[in-house]
Each structure stands twice: as C-alpha cells, then as structure tokens.
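My notes follow the order in which I looked things up.

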Amino acid sequence: MTDQLTRLNFRDIGGLPTEAGGFVRSGIFYRTEGPKNFVGQHLEDLKALGVRAIFDLRSDGERERDPHDWHDDDCQWLALDMNTDLRAADTTEWERLRDDPDPALSQLVMSQNYAAMPGALLPHWSTLAKTLLDGAVPAIINCTAGKDRTGVAVGLLLKTVGVTRDAILADYLKSDIFGKNMVLQGSIEQGFMESFGFMPNQAAVDALIGVDVAYLLASLDQIDAQWGGIEGYCDAAGVTAPMRTELSRLLTTDIDISKHEREI
C-alpha cells in the first residue's frame with residue numbers, strides 16, 4: 001500500500017491482536033472513506049490491491065453523488081445502506097445541532113446515532129460474512145467519512161473474530177485523520193453545506209468530524225444490551241457459529257505479524 005492511500009482515511013486492519021494471542025491477517029480487509037477524495041493515484045493503488053468486493057454503507061444519494069466507478073467487472077460492489085448516519089437520515093436532530101452550542105448535546109446525538117447503527121447493519125451482516133467466506137477478498141468497506149458507519153461495522157467484525165477491545169478502539173481512533181484532512185483542506189464549510197444545507201455550530205462540527213471512544217462504545221454496549229453480546233447479534237443476523245469460526249480462520253492467524261515483517 002502506497003503513501004498516497006495512507007494519506008486518506010484508508011488502512012489495512014491487519015496486525016491487530018486477538019484475545020487468543022493471534023493477529024488479523026494483512027491484505028485481506030481494508031477500511032476506507034468514500035470515493036469523493038479519490039484521485040488518479042489512489043485509484044491506481046486500489047486497482048493494484050486486486051479488490052474483489054466493496055461493501056458500501058452509504059445511502060443512495062451519497063452513492064449517486066460519488067460513485068465507485070474505478071473497480072473492474074470481477075469486483076463485487078454491494079450497496080448495504082446504513083441510513084443511520086446523520087448525512088443520510090431525515091432527522092430533527094440537525095435542527096438541535098445547528099441551534100444549541102452545548103458540546104454535551106453534540107456528543108449525546110452522536111452516541112445515540114452510534115447506538116442505532118448495529119440495528120441498521122443487522123440485515124446486511126450475513127451478506128458481508130457470506131461474501132467474505134465465498135472468497136471475495138481482498139475486500140474494502142466504506143461509508144462517506146470512513147469513521148462512523150464504517151467504524152461500527154469494522155468494530156463488530158473485529159469483535160466477531162476475537163480482536164481485543166483495546167485494539168478495536170485504537171484502530172477506530174486512527175480515523176481522526178478524516179477530520180484533520182478536512183481542516184487542512186479548508187473544506188469543512190463546503191462539506192457541511194453540501195451535505196446538510198447549513199453550517200452547524202462549532203461544537204457540533206467538532207463532534208461530527210472527529211472520533212470519540214464514547215461513540216463506538218455506545219455501539220458495543222448496544223450489542224450487549226439488545227443481543228446479549230456479539231454471538232447473539234451474529235445469531236440474529238444469520239451468521240452462525242460455524243460461519244464465525246470460518247471467518248476467524250479467514251481473517252486471523254497465529255503468526256506474529258510484526259515479528260515476521262521485521263525479519264523480512
């Protein structure tokens with residue numbers, strides 16, 4: 001993977017440690033922001049990865065504005081709408097975020113939004129699992145920013161295959177690069193006006209472009225509260241115990257990735 005892609009909110013989830021002492025395999029699953037910021041070199045780098053499946057969590061409107069038009073015919077593109085994102089949802093919460101500058105309100109709205117995401121993902125969970133198990137790897141998953149809907153989906157996948165909670169949270173926090181890039185590019189106002197039609201207050205902007213462990217924990221806590229844990233969630237989605245075992249075999253390894261790479 002070149003430096004060009006790593007300058008986006010794009011990364012291989014490989015190398016993350018599991019509770020059993022293993023590691024997530026590299027070169028199998030990538031997480032990314034949407035294609036709006038992809039330029040020529042990014043597209044060439046993506047093609048070079050040999051991506052076989054794209055899990056696109058955006059709404060119809062988001063996909064129409066910024067389509068994935070770079071992939072070849074042998075790559076599956078799956079539209080797995082998660083319309084819980086505030087960009088995609090028709091919600092009165094936006095009025096509150098525009099008018100109330102209290103940072104606690106912004107954080108509350110984001111946490112509530114994250115807590116709703118596992119339920120929105122549930123109808124698609126078996127599709128994602130079956131696609132991976134059918135051999136459509138490497139795969140990428142994206143939303144628009146690559147941090148909220150994608151953050152929840154990746155977090156649940158990592159939890160499914162036994163990645164440690166600390167590693168899941170640490171990987172999620174790396175998506176702060178999206179907000180940092182918006183600041184550097186001076187694109188915050190334009191982005192919000194395009195997405196929402198108005199500029200929220202500064203507290204809302206900070207909450208919406210950033211990442212916060214409390215947000216992802218709201219999703220993980222909802223899994224425990226509503227489904228009794230990740231196993232119950234997967235069962236409800238039709239991702240059976242044997243499927244989960246196969247996912248772990250596909251996505252994890254007992255090899256110490258970091259040590260192996262040092263030796264190479």
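These entries cover confidence, then the sheet, then the helices beside the strands.

**Confidence.** I am working with a predicted model, so I checked pLDDT before anything else. The chain has a mean of 88, and 88% of its residues reach 70 or more.

Next I traced the strand order and found S1-S3-S6-S4-S5, an open sheet of five strands with mixed pairing. Which strands stand at the edges? They are S1 (10–12) and S5; each has a single partner strand, so one side of each lacks a neighbour in the sheet. From one strand to the next, I noted a twist that averages 15°.

**The S1 end.** I looked up how S1 meets S3 (residues 29–32): the two are antiparallel, paired over three bridges. Here I found Phe10 opposite Thr32 in S3.

**A helix on the sheet.** I then turned to H5 (residues 103–133), which packs on the sheet and touches S3, S4, S5 and S6 (139–142). The direction of H5 makes about 170° with that of S4.

**The S5 end.** How do S4 (residues 53–56) and S5 (residues 76–79) run, parallel or antiparallel? I found them parallel, joined by four bridges. Phe55 stands opposite Leu78 in S5.

Note on methods
Residues are numbered from 1 along each chain as its sequence is written. This is a predicted model: local features need pLDDT of at least 70, side-chain atom pairs count only at pLDDT 80 or more; totals for chains, interfaces and linings use all residues. Side-chain values use heavy atoms; hydrogens and water are left out. Two strands pair if DSSP finds at least two bridges between them. pLDDT is the predictor's confidence in each residue, from 0 to 100. Axes are lines fitted to C-alpha atoms, for helices over the stretch in contact, and angles run from 0 to 180 degrees between N-to-C directions. Contact means heavy atoms within 4.5 Å.
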